[in-house]
Amino acid sequence: LMMGTRCHSMAMYVVLENYLGMVCDYPSAYEGQPGFEFIKMVPTVWDETRVLDAQVGEYIVIARRKNADWYVGAITNHERRQLTVSLSFLGNGKYEAEFYKDAPDTGENPNHLIKETHQVEMAESLSLSLAPGGGAALILKRK
């Protein structure tokens, strides 16, 4: 049984508040790995935090703001989960969403992720498909 997918681990940098984020291996082991750019961008202090959805022991979706940008982390337990998350916490205007999500084959390859970029607004919702032990990580940058 795997402990979690790569996206689950990435999302924990947002979900868990930690002033000293670190990796558990030597840094060069992460160079060129999918998603490492997300870890390098995540702030260690926040201006605002919102719990968007959660159920104790099951899953959590947290949004944290630094300046005008939002970071979202979603993690689940070992149950596959489909969540719909409202973006109503965003301010007016357009945002570029850099989206890291579990790939369909994470059961065989927990390190496999899909990175997408979309333009979004506060009136929209995101559909998060989390693999067992999975997660999603997003950066929402105001345009």
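Figure 1. A cavity is a set of points on a 1 Å grid over the protein atoms alone where a 1.4 Å probe fits but cannot get out; lining residues have an atom within 4 Å of a point. The structure is a predicted model in which local features need pLDDT of at least 70 and side-chain atom pairs count only at pLDDT 80 or more, while totals for chains, interfaces and linings use all residues. Residues are numbered from 1 along each chain as its sequence is written, and side-chain values use heavy atoms, with hydrogens and water left out. A search of the whole structure finds one cavity of 30 Å³ or more. The largest cavity has a volume of about 40 Å³ (the space filled by probe spheres set on grid points joined across faces, edges and corners). Its lining consists of L52, V72, V85, L87, F89, L126, L128 and L138. By class, this lining holds eight nonpolar, no polar and no charged residues (nonpolar: Ala, Val, Leu, Ile, Met, Phe, Trp, Tyr, Cys and Pro; charged: Asp, Glu, Lys and Arg; polar: the others, Gly among them).

**Figure 2. The open sheet of six strands.** The strands (DSSP runs of E, at least two residues, numbered from the N terminus) follow the order β1-β2-β3-β8-β5-β6, with antiparallel pairing (at least two DSSP bridges between two strands). β1 (48–55) and β6 (113–121) stand at the edges with a single partner strand each, so one side of each has no neighbour in the sheet. Between β1 and β2 (residues 59–66), the antiparallel pairing runs over seven bridges.

Figure 3. Seven of the 10 residues of α1 are buried, so the helix is largely enclosed by the rest of the structure (buried: under 20% relative accessible area; exposed: over 50%; partly exposed: in between; 1.4 Å probe, protein chains only). The buried residues are R6, C7, H8, M10, A11, V14 and V15. They pack against α2 (36–41) as well as β2, β3, β5, β6 and β8.

**Figure 4. The pair formed by β4 and β7.** Strand β4 (residues 81–86) has R81, L83 and V85 on a covered face, whereas Q82, T84 and S86 form an uncovered one. β4 pairs with strand β7 (residues 125–130) in the antiparallel sense over six bridges. Within this pair, T84 stands opposite S127 of β7.

**Figure 5. Residue N67.** N67 lies in the loop between β2 and β3. Its phi is near 60°, a positive value in a residue other than glycine. Most residues other than glycine have a negative phi. N67 is exposed, with a relative accessible area of 54%.

**Figure 6. The largest pocket.** The largest pocket holds about 670 Å³ of space (a pocket is an open set with protein on both sides within 12 Å along at least five of seven lines). Its lining comprises 28 residues, and S9, M10, Y13, M22 and I39 lie nearest the centre. α1 and α2 each supply at least two lining residues, and α1 gives the most, with five. By class, the pocket lining has 17 nonpolar, nine polar and two charged residues.

Conventions
Helix = DSSP H or I, 4+ residues; strand = E, 2+ residues; numbered from the N terminus. Contact = heavy atoms within 4.5 Å.
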